Amino acid sequence: MYSVRAAKPVDTEQITGLLDELFPGDPNRPTDTEFENLGKQHDPCMFVAADGCAVAGFLVLRDRILRLWTSVDFIGVDPAHESMGLGAMLTRQALLAAHRPLVRLFVRPSNTRAHRLYIRCGFREVARRRENYPDGEDAAIMMARSARFSLFGPKSTVIEPDKISA
Ligand SMILES: CC(C)(COP(=O)(O)OP(=O)(O)OC[C@H]1O[C@@H](n2cnc3c(N)ncnc32)[C@H](O)[C@@H]1OP(=O)(O)O)[C@@H](O)C(=O)NCCC(=O)NCCS
């Protein structure tokens, strides 16, 4: 039974394995320090979809300075565990855990699977950034309102490891 929880130091190897498989060479990859700090932050920014210790997907959020939005830098699901709803659980977690009023992500328009997922979870495409990727593909920029700042969203979204299910 998979649930979403804040990532812990013990998850590092499985997360980096998925990063290498799904996002090789991505410049936004979390740093060693970010992995070392897992479990120490009051407001976690890295989450996993896991069955106990078995990690099948992960989410990385980042708050860059002077932005109204929290960025979803990575959402990835192990191909062996696709189409089980884990992508949707992680995307909803992004909306719940975001620290800023909006949540923003970039996706390749050719990644129709991910694009559909984000629309289903409440994101809307707001713009395109031309030739965003090294191969020249544009990026679709998608945004959604974070739950924390929504009138109807949950009041608290502080999530400790092992205390959340999505
Ligand atoms: C994109 C990605 C995150 C989707 O993850 P996922 O876990 O497969 O997502 P979900 O299971 O929530 O949804 C995927 C599909 O499975 C379907 N699904 C979910 N639960 C299901 C179930 N119980 N039974 C049948 N189908 C189901 C969804 O309806 C959806 O269908 P669709 O593609 O026709 O719209 C994953 O494919 C991935 O990591 N891709 C590589 C990395 C990537 O591209 N990341 C995004 C970069 S912006």
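## A first look at this predicted model

The chain has a mean pLDDT of 92, and 91% of its residues reach 70 or more; pLDDT is the predictor's confidence in each residue, from 0 to 100. Over residues 156-166 the pLDDT is below 50, yet this stretch has 25 contacts in the model beyond near neighbours in sequence; two residues are in contact if their C-beta atoms, placed from the backbone, lie within 7 Å. Where pLDDT is low, the predicted coordinates should not be read in detail.

This is a predicted model, in which local features need pLDDT of at least 70 and side-chain atom pairs count only at pLDDT 80 or more, while totals for chains, interfaces and linings use all residues. Residues are numbered from 1 along each chain as its sequence is written.

**The sheet**

- Seven strands form an open sheet with mixed pairing, in the order S1-S2-S3-S4-S5-S7-S6. Strands (E, at least two residues) and helices (H or I, at least four) are DSSP runs, numbered from the N terminus, and two strands pair if DSSP finds at least two bridges between them.
- Strand S1 (3-6) and S6 stand at the edges with a single partner strand each, so one side of each is left without a neighbour in the sheet.
- The twist averages 30° from one strand to the next; axes are lines fitted to C-alpha atoms, for helices over the stretch in contact, and angles run from 0 to 180 degrees between N-to-C directions.
- S4 and S5 run parallel and are joined by three bridges, with Trp-69 opposite Leu-102 in S5.
- Helix H1 (residues 12-22) packs on the sheet, where it touches strand S2 (46-51), S3 and S4, and its direction makes about 75° with that of S3.

**Strand S7 and its partners**

- Strand S5 (residues 102-107) runs antiparallel to S7, and six bridges join them; here Phe-106 stands opposite Ile-141.
- Strand S6 (residues 124-129) also pairs with S7 in the antiparallel sense, over five bridges, and Arg-128 faces Ala-140.
- A residue is buried if 20 or more other C-beta atoms lie within 10 Å of its own, exposed if 12 or fewer, and partly exposed in between, with C-beta atoms placed from the backbone.
- H4 lies across S5 and S7, running at about 165° to S5.

**Around the ligand**

- The ligand is surrounded by 17 residues, the closest being Glu-82, Ser-83, Gly-85, Gly-87 and Ala-88; a residue is near a molecule if its C-beta atom, placed from the backbone, lies within 6 Å of it.
- Strand S4 (69-77), helix H3 (86-97) and helix H4 (112-120) each supply at least two residues of this shell, and H4 gives the largest share, four residues.

**Residues to look up**

- Val-60 sits in strand S3 (residues 54-62) and is buried, because 23 other C-beta atoms lie within 10 Å.
- Not counting residues up to four places away in sequence, Val-60 touches Pro-30, Cys-45, Met-46, Asp-73 and Phe-74.
- Leu-66, in the loop between S3 and S4, has a positive phi near 60° although it is a residue other than glycine. Leu-66 counts as exposed, with 4 C-beta neighbours inside 10 Å.
- Glu-131, in the loop between S6 and S7, is not a glycine but has a positive phi of about 50°. With 11 C-beta neighbours inside 10 Å, Glu-131 counts as exposed.
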